[in-house]
Number of protein chains: 2
Amino acid sequence: MKSSVLIITCVCLVNEGNADNFDILIDTKENSIHRLDSLNILIYCSLLALTVLTIWIFKFRRVSWLNETGLAVIYGLIVGAIIRFCGKVSPSTHLHVEAEKSARYNDSLPPDNLYIHFPGILNVSAVTKDQIYAYKFHGQLIRNTNEIDLKATFDPEIFFNIILPSIIFYAGYSLKRKYFFRNLGTILTFAIVGTTLSSLFIGLLMYGFVQLRPNHTSFTFLDTLYFGALISPTDPLTILAIFNEKNVDVNLYALVFGESVLNDAVAIVLSGAIQNYAEYYSKTGDFETHAFLHALKDLCVIFFLSLNIGTFMGCATSLMTKFTRVREFPLLETCLFVLMSYSTFLIAEVLQLTGVVAVLFCGICQAHYTYNNLSEESRVRTKQLFELLNFIAENFTFCYIGVSMFSFEKHHFDAIFIIGGFICAALGRAVNVYPLSWLLNLGRKPKLPWNFQHMLFFAGLRGAMSFALAIRNTVSKERQTMLTCTSLIVINTVIFQGGAANYILNWLKIPTGGEDKPEQLTYQSIRTDAENPEQCNIIHQNTGAGTKKNDKAFLARVWGNFDSRYMKPLLTNSRPTLIETLPKCLTPLSRILTTTEQLTQSNQSRRIDSDSDLCIDDNSQEIRRNSINRVSIRLQDGYVASYKNYEQK
Amino acid sequence: MKSSVLIITCVCLVNEGNADNFDILIDTKENSIHRLDSLNILIYCSLLALTVLTIWIFKFRRVSWLNETGLAVIYGLIVGAIIRFCGKVSPSTHLHVEAEKSARYNDSLPPDNLYIHFPGILNVSAVTKDQIYAYKFHGQLIRNTNEIDLKATFDPEIFFNIILPSIIFYAGYSLKRKYFFRNLGTILTFAIVGTTLSSLFIGLLMYGFVQLRPNHTSFTFLDTLYFGALISPTDPLTILAIFNEKNVDVNLYALVFGESVLNDAVAIVLSGAIQNYAEYYSKTGDFETHAFLHALKDLCVIFFLSLNIGTFMGCATSLMTKFTRVREFPLLETCLFVLMSYSTFLIAEVLQLTGVVAVLFCGICQAHYTYNNLSEESRVRTKQLFELLNFIAENFTFCYIGVSMFSFEKHHFDAIFIIGGFICAALGRAVNVYPLSWLLNLGRKPKLPWNFQHMLFFAGLRGAMSFALAIRNTVSKERQTMLTCTSLIVINTVIFQGGAANYILNWLKIPTGGEDKPEQLTYQSIRTDAENPEQCNIIHQNTGAGTKKNDKAFLARVWGNFDSRYMKPLLTNSRPTLIETLPKCLTPLSRILTTTEQLTQSNQSRRIDSDSDLCIDDNSQEIRRNSINRVSIRLQDGYVASYKNYEQK
């Protein structure tokens with residue numbers, strides 16, 4: 001009744017209303033943009049869902065000639081082709097403008113915004129009053145089609161601000177620290193020296209290649225050097241998935257994983273340094289040795305500062321979780337953990353450092369310290385959350401690489417550059433692996449055998465990082481050429497090299513099926529019986545004893561000592577406390593830094609606590625170690641809780 | 001050695017390189033945009049981290065005069081003010097342009113893109129060749145400052161495409177279905193009839209208010225009606241957090257929760273219908289009864305279709321998880337679950353339906369069917385993942401509402417409209433609650449007492465949805481006025497009404513401390529002893545018996561019957577199978593639709609499975625029910641697994 005009366009009244013009022021339709025028209029425009037956005041995301045969601053289902057089928061049927069990243073790329077290529085050749089272009093209107101006669105503009109770059117008066121001399125009926133509209137810089141128009149394609153392209157900012165940190169943080173958080181530290185020297189050599197070498201080598205060689213072209217191109221040496229830096233980092237995904245399945249030798253695993261995580265960071269620092277060099281030091285256009293050295297110094301400073309910010313934020317989180325009792329509210333705790341980790345990335349980026357390096361080391365610290373302070377629920381939740389994010393982020397990236405090959409407008413095919421790129425990428429990898437292996441074998445105790453070296457060479461697939469660096473700037477034709485070449489290299493290495501990896505592994509007679517399972521989480525479900533809580537302890541005591549026998553690197557030994565005496569007592573709730581390890585004169589300080597929880601720990605719970613920590617650090621002899629551990633820890637915590645309850649009674 | 005030689009060569013080559021610096025300059029620009037983006041996100045991350053820590057302190061110290069959403073808003077306001085009054089504006093360049101003399105443009109709206117020739121008549125030194133650049137539509141310029149502020153504003157698209165679906169999906173996924181269905185009629189009346197009524201009422205009243213202004217405004221009735229639709233939905237967050245703490249009467253809880261979830265959906269459909277009416281049906285500018293009815297029909301069709309898409313996608317996911325063995329790979333399974341749920345939202349949006357409605361019902365179906373097919377790991381992971389997403393999304397939204405009050409440029413203060421808005425919002429809520437309660441009490445068996453009605457009135461806080469609808473379009477001055485008014489209403493209701501809720505609850509003598517704990521997950525950690533696996537069964541059998549005694553609504557009873565006979569057997573692995581419930585003639589079909597897993601279930605595992613399902617559906621007599629259940633289910637699954645292992649031996 002009431003409602004119908006209202007409706008009638010409303011009818012009269014609307015009749016009276018003035019039809020100032022402009023707002024509504026703007027709404028329509030917003031709606032259509034929103035729909036287009038949704039469609040874009042939907043395409044990727046469906047692609048990912050399809051990829052997930054196919055991955056399952058492949059795992060189920062034990063298909064080995066195509067890996068999951070290859071699959072994502074292939075699906076992406078198919079969908080990209082469909083969009084390209086069947087999709088309708090959304091009609092967008094445009095207007096050619098010129099600067100106002102009276103406009104004064106004196107800058108070396110095109111302006112960020114254009115302001116235009118409406119309706120002005122135009123016939124734009126919806127604009128009745130005199131209004132000024134702003135337009136934002138979008139990019140250079142290419143081709144004569146006169147249209148900017150909105151189809152299935154996405155903002156590289158999303159990649160750099162969201163996808164990349166997820167992947168890199170997870171790499172740090174799930175890093176197999178034991179073998180990583182044991183091979184630290186080798187990994188650092190390959191990652192830092194090797195990547196720099198490879199970048200320079202590729203830059204030089206490519207510069208030679210582009211000189212071959214009949215019509216002299218506009219590629220400068222800085223351009224090709226940038227290409228060298230972006231094509232040098234290798235992608236671990238495909239290879240490590242296969243290594244996981246085959247239980248490959250843990251040292252080889254650690255080398256490939258560690259190197260590819262770090263060389264992503266090195267590549268991003270290198271490419272940044274090349275940009276900085278050009279920006280700040282070479283304004284005259286000439287090369288100055290002084291400026292070059294300055295850029296080199298910058299590179300080191302940036303790497304070092306980023307590393308520090310990462311570790312600082314990691315330690316800050318562990319202090320927060322140690323000294324507050326936020327662990328009583330696991331949701332808040334997890335939230336804090338996620339926010340602190342992501343802030344690390346952002347702080348580094350804001351300070352013009354390298355977020356990727358910061359977030360990598362933050363991840364390592366979070367796993368090493370904070371993880372031990374977290375409540376049981378948060379441990380599981382953070383691990384699973386980042387695992388999922390990482391999985392989606394990776395697969396999305398590879399789908400996107402496939403789709404963009406067709407749908408991204410800013411490609412420029414240049415046969416000579418592409419052929420050169422393929423050759424240089426392979427040679428660059430060789431320059432990275434073989435000479436350095438030879439050098440390392442002079443000092444390294446378990447030498448790197450030939451088959452490991454070949455495998456390292458072969459594991460040089462290019463992936464997300466190369467693509468991301470290439471797509472970041474596609475304004476000029478040179479950069480577009482680089483993007484096209486990079487995309488092709490990534491697609492081909494992932495599909496063909498990745499597909500062949502299984503056979504190469506057999507052909508090179510790499511030891512597989514080792515008992516030590518790598519850290520990376522497998523997709524297997526937990527279907528084990530509930531373990532005896534003591535089992536974990538026993539396992540740890542065994543491996544702990546084993547570790548001491550192993551020949552650790554000097555660096556690792558010193559660090560391990562310092563870590564267990566000062567860092568762990570300070571940052572986590574583990575024993576011994578600082579009161580025990582610090583000199584007597586510092587007792588007041590160490591008392592402040594020791595929590596009641598740390599002091600009141602009985603021997604019983606202490607042992608369990610440090611064990612649960614070490615079970616994550618170290619490897620046990622079990623297959624599906626991680627899954628089992630997670631169950632064990634859960635039960636242990638339950639045990640501790642019940643123990644405490646018992647005490648309270 | 002090698003490296004130093006390379007560096008020297010590179011020095012020579014760079015010297016030779018031509019200083020075509022344009023790319024590098026563009027890189028610099030991209031970098032600075034990236035840094036600004038990072039800073040924006042960092043501000044929100046820090047704000048959230050601060051909020052999380054303060055929430056913990058408040059919980060720890062049992063502060064009740066300020067709730068967490070109020071806290072987020074206040075922090076947001078403070079930071080917004082700081083940015084506003086202390087922040088530097090990033091220098092951005094602009095150029096006034098006009099249409100080319102030869103340009104032909106004939107559209108009722110400003111063009112999407114402007115194309116401009118460089119360098120043209122300008123002195124833009126970095127552009128050497130003749131190039132065309134594109135600029136994208138950004139919005140109307142307001143004020144005479146001639147600058148667009150990039151500080152701490154974010155794209156409403158992010159809200160509608162990412163944040164909103166997370167919140168709404170979680171609402172559906174964690175819906176306390178038992179009490180929801182028991183109060184279905186009341187909830188639907190309040191949500192659908194009530195919200196529509198309140199929108200119309202507010203629209204009418206506001207139209208009266210704006211006529212009061214001395215200078216006649218340009219607000220049309222459609223504008224005020226739109227305002228009515230956007231200010232009508234209520235936000236459950238703050239109130240429910242308090243209800244949770246106080247263990248408020250479950251029926252009241254269900255009413256508030258159910259209504260506010262559904263009225264979000266109704267409001268979004270209503271506002272869409274108002275836009276559609278203006279767009280499609282009223283092109284002449286006059287009101288047509290035919291067009292109005294058409295829009296009304298659309299409203300119903302859209303709601304119904306969205307609901308269907310949601311349930312369809314939910315059921316599709318449950319079929320996928322039932323008939324594939326993807327549950328052996330929990331990561332893939334979780335990923336599929338997330339992707340399917342998100343796709344639901346996107347599909348609805350692409351089809352011009354209402355994604356929020358779709359994702360809400362998808363969430364309900366996922367919880368009701370798919371959840372039972374998931375592996376134990378995926379169950380925990382999905383619950384925890386969406387809980388975390390929801391928490392971050394909600395707090396982010398409230399922080400953003402606070403920050404935007406100062407930092408968002410497109411505010412327009414209009415005292416009369418604001419005062420009118422506050423009065424109308426309160427009266428609209430009253431029109432929603434009291435007359436409908438009176439009507440419902442004519443038929444409702446346990447009548448809604450006065451104190452419940454007052455509490456429902458008082459629970460009418462405005463929140464994220466109102467704000468989101470208001471910020472979606474801020475091109476014109478009218479819309480900006482609406483945004484300002486909405487922001488103020490949201491901020492004030494959340495801080496003051498939310499802060500007072502605790503006292504009102506006592507003052508109205510609402511029964512609290514009930515034994516039935518609401519479904520919403522609490523922030524408490526699992527610190528209970530590992531439960532005996534059988535306990536969950538026992539609890540269920542008790543509550544199961546209890547449920548039957550309760551007086552269910554007729555609708556709920558019919559649905560419950562159909563559901564357990566046909567829907568559950570079809571979509572999940574539970575017994576009885578379709579072979580048992582479908583008529584004999586359909587046996588071939590039902591055989592296909594029954595999995596081996598379903599058939600081979602022993603009585604033992606069947607009971608456990610259906611119990612674990614019902615433990616989530618129903619309430620037990622325990623405090624911290626959810627936490628306990630999760631542990632029980634885990635152990636049960638372990639038990640099932642060990643049982644199966646035993647069988648295999």
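How many helices and strands does chain A have? Select chain A: it has 24 helices and three strands, where helices (H or I, at least four residues) and strands (E, at least two) are DSSP runs numbered from the N terminus. This is a predicted model, in which local features need pLDDT of at least 70 and side-chain atom pairs count only at pLDDT 80 or more, while totals for chains, interfaces and linings use all residues. Residues are numbered from 1 along each chain as its sequence is written, and chains are lettered from A and ligands numbered from 1 in the order in which they are written.

Stay with chain A. Of its 649 residues, 52% are buried; a residue is buried if 20 or more other C-beta atoms lie within 10 Å of its own, exposed if 12 or fewer, and partly exposed in between, with C-beta atoms placed from the backbone.

Next, select residues 184-211 and 221-231 of chain A, helices α6 and α7. They pack at an angle of about 135°, with their axes 7 Å apart; axes are lines fitted to C-alpha atoms, for helices over the stretch in contact, and angles run from 0 to 180 degrees between N-to-C directions. That angle makes α6(A) oblique to α7(A), a term for whatever is not under 35 degrees (roughly parallel), over 145 (roughly antiparallel) or 65 to 115 (roughly perpendicular). Show the side chains where the two helices meet: A:Leu200, A:Gly203 and A:Met206 are among those in α6(A), and A:Phe221, A:Leu225 and A:Gly228 among those in α7(A). Here, contact means C-beta atoms, placed from the backbone, within 7 Å.

Move to residues 376-407 of chain A, helix α13. Its 32 residues should span 46 Å at 1.5 Å a residue, and its end C-alpha atoms are 45 Å apart, which agrees; the expected span is 1.5 Å times one less than the number of residues. Of those 32 residues, 31 are buried.

Now select α8(A), residues 237-246. Its buried residues are A:Leu237, A:Thr238, A:Ile239, A:Ile242 and A:Phe243. A:Asn247 follows α8(A) and has a positive phi, near 50°.

Finally, go to chain B and select B:Ile510, in the loop between α17 (477-507) and α18 (533-549). Is B:Ile510 buried or partly exposed? B:Ile510 is partly exposed, because 18 other C-beta atoms lie within 10 Å. Leaving aside neighbours within four places in sequence, its contacts include B:Val248, B:Leu252 and B:Asn451. B:Asn451 is 59 residues away in sequence, yet the C-alpha atoms of B:Ile510 and B:Asn451 are 6.8 Å apart.
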